[in-house]
Amino acid sequence: PVGDGTEWEPTGSLLLTGISALVTVDEQVGSDELGTISDGAVVIDEGQIVWVGPAAGAPDTDDAIDLGGRTVLPGWVDSHTHLVFAGDRSAEFAARMAGQDYRASGILATVEANRETSTDALTDGVRRHLAEFARGGTTTVETKSGYGLTKVDELRSVQAAERAGIDALTFLGAHVVPPEYADNPDDYVDLVCGPMLEAVAPLVQFVDVFCEEGAFDDAQARRVLSAAERLGLDRKVHGNQLRPGPGVQLAVSMGATSVDHCTYLTEADIDALSASTTVATLLPATDLCTRRGPAPARELIDAGATVALASNCNPGSGYTSSMALVVALAVIQCRMTVAEAIRAATLGGAQALNRSDIGRIAVGMRADLQVLDAPGPDYLAYRPGVPLTAAVWRRGVRVV
Ligand code: NIG
């Protein structure tokens with residue numbers, strides 16, 4: 001039975017049946033629809049989805065599991081996290097709750113801790129977090145470097161994430177300017193664009209830059225993205241997190257895959273995003289934990305922009321791995337519908353990672369599935385904070 005903690009190893013084709021709502025996140029239906037099949041069934045084999053449809057038409061298989069009237073969705077695709085970290089910043093969070101503002105300079109506390117932590121210990125930390133993500137139904141996780149800020153420490157961060165088995169890896173040497181370059185930040189940008197990027201390039205897919213007052217300005221951020229483009233790497237931007245700024249326009253003009261945060265947007269920013277292929281990745285759990293926002297999700301979607309939702313799990317601005325919480329906040333605080341929020345946390349995340357093999361339940365997709373102990377997907381917002389994940393398959397292997 002599902003939910004009893006049994007590990008299941010696939011021995012052939014497996015039929016999942018007894019699904020009250022099979023949420024396929026069909027690409028062909030509108031942004032406020034999910035392509036849900038009532039009394040649906042899925043067959044997985046060798047890590048892939050090989051059949052999807054109403055249970056009545058399901059084929060014969062080697063094995064079958066009756067899910068007892070539960071809901072099945074694609075595993076969450078979390079396209080923005082910062083998991084390579086050591087140390088503890090719970091006191092900073094407590095101070096914030098007592099009235100202190102969130103400052104990007106808190107990042108330097110983690111930088112200090114990371115520089116004193118072995119690569120093995122950093123790897124263990126990422127592994128522990130990945131197990132926590134799986135328990136919450138997340139089957140794809142992106143993570144970033146950005147707490148090393150020397151060539152050696154950024155390379156160690158990237159190696160730690162790779163060894164831990166992360167799905168998508170982003171270089172964020174341009175997170176903040178480290179103290180040793182406080183008086184000559186442009187020299188630090190030279191280091192990021194030159195030797196640092198050269199060292200990590202073979203291991204990463206994306207290059208990211210925090211374009212914000214207190215981090216990197218428009219011109220500096222543009223240099224980082226141009227250097228990435230020259231090496232053929234995909235680009236991301238942290239932008240418009242703490243105030244309106246140039247991040248969104250920069251991301252769109254540089255053809256970035258996504259711009260993440262988007263908490264403070266002008267009408268021109270929304271227009272630019274809706275006319276572009278750049279995904280607006282919203283991080284409502286961070287806005288909650290920094291007492292900001294909500295981000296203008298409704299306006300973005302109504303204007304036609306592509307929206308993703310991610311956890312931004314990190315030790316400073318918001319330390320949650322729960323995509324279910326993110327979806328609930330997107331509905332309750334950002335006025336997204338449940339369908340829009342689920343799409344953004346699955347297919348939207350896949351688009352923010354330039355991936356077409358995850359984020360949907362369809363033949364040929366990776367067998368990344370989560371089972372909710374609920375009769376339908378609306379329960380994700382209706383029961384915020386309640387752990388509804390009953391089982392998870394990742395690449396066809398049951399991991400929860
Ligand atoms: O996405 N904005 C920059 N970076 C992280 C925060 C990291 C931290 O505070 O440690 C973010 O919120």
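Which domains does the domain assignment of the protein give? Domain 1 takes in 14–74 + 359–398, and domain 2 runs over 77–352. Keep in mind as you look around that this is a predicted model.

**How the two domains meet**

The C-alpha centres of domain 1 and domain 2 sit 29 Å apart. Across the boundary, 23 residues of domain 1 are in contact with 24 residues of domain 2. On the domain 1 side, β4 (63–74), α14 (379–382) and β14 (389–394) are the elements that put in two or more residues, and β14 gives the most, with 3 residues. Sorted by class, that side of domain 1 has 11 nonpolar, 5 polar and 7 charged residues.

In soluble globular proteins, nonpolar side chains tend to be buried together. Here the largest nonpolar core has 127 residues, and V42, V224, V327 and A330 have the most contacts inside it. Helix α11 (residues 323–332) supplies the largest share, 8 residues. Domain 1 and domain 2 each contribute at least three residues to this core.

V42 is a handy place to start exploring. Leaving aside residues up to four places away in sequence, V42 touches L16, L22, I49, W51, V52, V72, I361 and L369.

**The annotated site and the ligand**

Which residues does the UniProt annotation "binding site" cover? The unreviewed entry lists H80, H82, H238 and N312. They are spread over 233 residues of sequence, yet they cluster in space, with a largest C-alpha distance of 12.2 Å.

The ligand itself is surrounded by 14 residues, and the closest are I107, H238, N314, G316 and S317.

H82 is in the loop between β5 (76–78) and α1 (90–97), N312 is in the loop between β12 (307–309) and α11, and T143 is in strand β6 (residues 138–144). Are they buried or exposed? A residue counts as buried when 20 or more other C-beta atoms lie within 10 Å of its own, and the table gives the count for each.

| Residue | Other C-beta atoms within 10 Å | State |
|---|---|---|
| H82 | 25 C-beta atoms | buried |
| N312 | 28 C-beta atoms | buried |
| T143 | 29 C-beta atoms | buried |

Contacts tie these residues into their surroundings, again leaving aside residues up to four places away in sequence. H82 touches T143, K144, G146 and N314. N312 touches H80, T81, L283, A285, T286, S317 and G318. T143 touches T81, H82, L83, V84, V126, A161, I166 and L169. The T143 and L169 pair is 26 residues apart along the chain, with 5.4 Å between the C-alpha atoms.

How values were computed:
Residues numbered from 1 in each chain as written. Predicted model: local features only at pLDDT ≥ 70, side-chain atom pairs only at ≥ 80, totals over all residues. Near = placed C-beta within 6 Å. Domains from an automatic or database assignment. Contact = placed C-beta atoms within 7 Å. Helix = DSSP H or I, 4+ residues; strand = E, 2+ residues; numbered from the N terminus. Nonpolar A, V, L, I, M, F, W, Y, C, P; charged D, E, K, R; others polar. Core = buried A, V, L, I, M, F, W, Y, C linked by C-beta atoms within 7 Å. Buried ≥ 20, exposed ≤ 12 C-beta atoms within 10 Å, placed from the backbone. UniProt positions renumbered as here; feature names shortened; annotations may be inferred.
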